[in-house]
Amino acid sequence: MAHVTEPGGGAPGRADGELEVRVAQWRAHVGRSPAVSPGDVDELESHLRDQLDDLRAAGLTDDEAFLVAVRRLGAVDALSAEYAREHGDRLWKQLVLAPPGAGAGRRRLRRAVLLAVGAALAVQVLRLLGGTLGEVVVAGLAPVVTLPFLAALVGAGREDGERLGARWLVVTAPFVAGAALVLLPPWAEGSSTQVLVALHLPVVLWAAVGYALVGGRWRSPSARMDVVRATGEWVVYYALIALGGGVLVGATVLLLAPLGDDVVEQVLLWLVPSGAAGAVVVAAWLVEAKQSVVENMAPVLTAVFTPLFAVVLTASATVYALTGLAADFDRDLLLGFDLLLLVVLGLVLYALSAQRPDRRPGATDVVQLVAVVAALVLDALVLVALLGRVGDLGLTPNRVAALGLNGVLLVDLLVAAALAAGFLVGRVRADRLARWQTSYLPVLVAWAALVVLVLPPVFGYR
Amino acid sequence: MRIDKDLVAASASPLVLGLLAEGETYGYALLQRVREVSRGELEWADGMLYPLLHRLERQGWVVAEWRTPPGERRRKYYAITDGGRAALVEQRRQWGAVVRALEGAWPAAASPAAGGPALGTA
């Protein structure tokens, strides 16, 4: 996993740290103008890297080559002005909601609506046909039938025109395999591995959607960071839609109450699952179409919530470290802990995705380090308690899944804490933190895939 | 010799179209060719090429596509369209008329060695 290619996707570029930082700074600087789209910055970057390679081949040092190459591209202000002349429409991106005069934009919207309706219908078909399959199978299949619509939205007709082509097979495979792994095994009555599959499968499917989103460039750290960013924004939009949906459902119940409970129940059975599935697609469309709206929210949201989570985590870590965890440690509590840890990880990732690579350490970094260290302590406590239970009561599917997840998180948090501390004292560059997290993402996905694939047969589908 | 900024700007799009007519290529390689054919006398800030290419694309004279050839970095390739070829023919005609007019107006004896003839072929 340590081997990664550069954002430009080229073989010749190496991880020459210093130069990479300067290229990243330059990218951020050029990309700041609304007239210069991310695709344009990519194009300029590939030019810059070609120039750098030539200059270095001619015997210039990295420093000299960078200065000459940037100078040859032209002053950033003049460059943005030139882009603005050709792409004046982009300057309005942040002022008006609908992309102006965009036939392409309207086509995307139509696609998004069709796909959202498709997802909504798919979920209903699953609900109507799935009655005989049992609750867990239906829950496991729900992402399998809805997320393909999301993958179709983010993977096709991409702005940069790069087609996925045969790589659609890579996107599709997890869905087919997922459906088979949920439906086919001879699940035991009340099987806990079945529940684990339903819980872990969405992570694998999400990775497939991310793969489609970045056009298959999953090896590139910047592409993986794009997936993180898109996921964070998707969560924000989904939460907003869910809030509105909740109000809608509440109003519907009030309005229909006189007609009797049966009517209300039927309406809700159609409204709620379909709305939830359709919103998956609509939120993704919003991420793409209204990018600049939420773009500015990531720093604000993380600035508000990271300190709050830091407080909660520190308090619970202190309490549990003093009182011990073993006494009232049960499955629900474990689930709560793991959720909390995942949220912290998500916050850290989301914060990193919004940060510029050349920033200096500040108060937010201290808060983030506190949150990570508290999460680390909690995770270690959970692991100790889990190991204790395994020692007393033996291995069960749930304990293996929990042990694995907490182990994977422990490694992630340990390195993240070490890097964050190093960054605070000025020994580690900011981009190392982001790079660690993006290179660790496949490990999380691999663990989820392992639980889905290996755990059920090992435990005899119990 | 430094060529006047307005002349550089005016010649940029026929020059780029002419070079793209040789075959599809990407920005960096295109600029190398510009240096070659102008013997280094046409100096652009490299970055300015891209808004120009985007304009040609909007006019339907070139088409662009991101591609990653095996073993190379990901680049945006530009190719000339039929419309672009037609535009190139028209621009050549206009430039030819300008060059002929200038040659008619300037006595041959006063003409400097370089510069003039190169325009006729651009």
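In chain A, 80% of the contacts with a separation of 6 or more are between residues 24 or more positions apart. Keep in mind as you look around that this is a predicted model.

Let's start with the whole chain. Chain A has 17 helices and zero strands. Of its 462 residues, 37% count as buried.

**A pair of helices**

| Helix | Residues |
|---|---|
| H14 of chain A | 363-393 |
| H15 of chain A | 397-424 |

The axes of these two helices come within 8 Å and cross at roughly 150°. Angles over 145 degrees count as roughly antiparallel, and H14(A) and H15(A) are therefore roughly antiparallel to each other. The crossing in which H14(A) passes H15(A) is left-handed. What kinds of residues make up the contact of H14(A) with H15(A)? They divide into 23 nonpolar, three polar and four charged.

**One residue up close**

Next, zoom in on A:Val144, which sits in helix H6 (residues 135-155) of chain A. Is A:Val144 buried or exposed? A residue needs 20 or more other C-beta atoms within 10 Å to count as buried; A:Val144 is buried because it has 23 of them within 10 Å.

Which residues does A:Val144 touch, leaving aside its neighbours within four places in sequence? Its contacts are then A:Phe175, A:Gly178, A:Ala179, A:Val182 and A:Leu205. Take A:Val182 as one example: A:Val144 and A:Val182 are 38 residues apart along the chain, and their C-alpha atoms are separated by 9.5 Å.

Methods: Residues are numbered from 1 along each chain as its sequence is written. Chains are lettered from A and ligands numbered from 1 in the order in which they are written. This is a predicted model: local features need pLDDT of at least 70, side-chain atom pairs count only at pLDDT 80 or more; totals for chains, interfaces and linings use all residues. Helices (H or I, at least four residues) and strands (E, at least two) are DSSP runs, numbered from the N terminus. A residue is buried if 20 or more other C-beta atoms lie within 10 Å of its own, exposed if 12 or fewer, and partly exposed in between; C-beta atoms are placed from the backbone. Two residues are in contact if their C-beta atoms, placed from the backbone, lie within 7 Å. Axes are lines fitted to C-alpha atoms, for helices over the stretch in contact, and angles run from 0 to 180 degrees between N-to-C directions. Angles under 35 degrees count as roughly parallel, over 145 as roughly antiparallel, 65 to 115 as roughly perpendicular and the rest as oblique. A crossing is left-handed if the near helix is turned anticlockwise from the far one by less than a right angle, and right-handed if clockwise. Ala, Val, Leu, Ile, Met, Phe, Trp, Tyr, Cys and Pro count as nonpolar, Asp, Glu, Lys and Arg as charged, and the others, Gly among them, as polar.
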